[in-house]
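Subject: A structure for you to look at

Hello,

Here is the structure that I promised to send you.

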Amino acid sequence: MKVEIDGHSGFCFGVVNAIRKAEQELEKGELYCIGDIVHNNLEVERLKQKGLCTIDHEAFACLRDCRVLFRAHGEPPFSYETARRNGVEVIDASCPVVLNLQKMIRKAYEEVQERGGQVVIYGKRGHAEVIGLVGQTNGEAIVIEQEEDVQQIDFSRPVVVFSQTTKSLEGFRKMAGLLKARGGELVVVHDTICRKVANRIPQLREFAGLHDVILFVSSEKSSNGKQLFAVCQSVNPRTYFVQGASDVTSDLLKNAGSVGISGATSTPRWIMEEIKKKIEQQ
């Protein structure tokens, strides 16, 4: 049986950087992280064994004189203010793409305020990155994900639109078209989709068609994983969602001459390697 790992799958640059920083800082001693460093339970557990302590914002507000890692998703301004006030050393692993987007949104918010306008973010409400983006607008940005969310926007006033970096390019273009149709020249759209993530879709479609069976590796927490799994399954009906080697059974691989292993931007390479090894040893 031929077994191939998708060369385009696995951690994006932002996650690679965050994991590397965490491992380096853990060598120096105790380290906290606000939220899961990556949306993958097995990787979170691996780093927990090395001493990384995952906390929420409420626990973070109570910390004093320690070190806290800000993950790739980015943090809102109040997190930096809290750290400064409480003597917390910030290990900033925010993705450069996300940091740049935060600056763009903060500038747009300051400018559009003077004209009574609104900042709109196409993204998943409550997602870590989106919380950081909304924080650039003092919590005033309007978050939209579905068509019905558009009713929150006042199209008689200026509208500046951005996107969460990991959303689907196709979905963003559809939403942007809808907003332009409603607001005309009052709507200004900024395409802020990360191409590293967006380009995965055509690559994944091609990979999915090359194999009899596709094992898509991701945590159920990963919205990117769910999105890419659906893309894969649309091309190859024998696509199975697995979280690790323990999920791979002989039934999934029945009558398969070739197996492709792919994963989300939050899926570590070592998990895909474990799955490949298990298949080859059967």
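Predicted model: local features only at pLDDT ≥ 70, side-chain atom pairs only at ≥ 80, totals over all residues.

Residues are numbered from 1 along each chain as its sequence is written, and side-chain values use heavy atoms, with hydrogens and water left out.

An open sheet is formed by 4 strands with parallel pairing, in the order β7-β6-β8-β9; strands are DSSP runs of E with at least two residues, helices are runs of H or I with at least four, and both are numbered from the N terminus, while two strands pair if DSSP finds at least two bridges between them. Because β7 (142–144) and β9 (187–189) stand at the edges with a single partner strand each, one side of each has no neighbour in the sheet.

Turning to the rings, the structure holds 5 aromatic pairs (rings of Phe, Tyr and Trp, the last by its six-membered ring, with centres within 6.5 Å; planes under 30 degrees apart are stacked, over 60 edge-to-face, the rest tilted). One of them is the tilted pair of Y122 and F172, at 6.0 Å centre to centre and 35 degrees between the planes, which links strand β6 to helix α7 across 50 residues. Y122 is buried because its relative accessible area is 7%, and F172 is buried at 3% (buried means under 20%, exposed over 50%, partly exposed in between, with a 1.4 Å probe and protein chains only).

Best wishes
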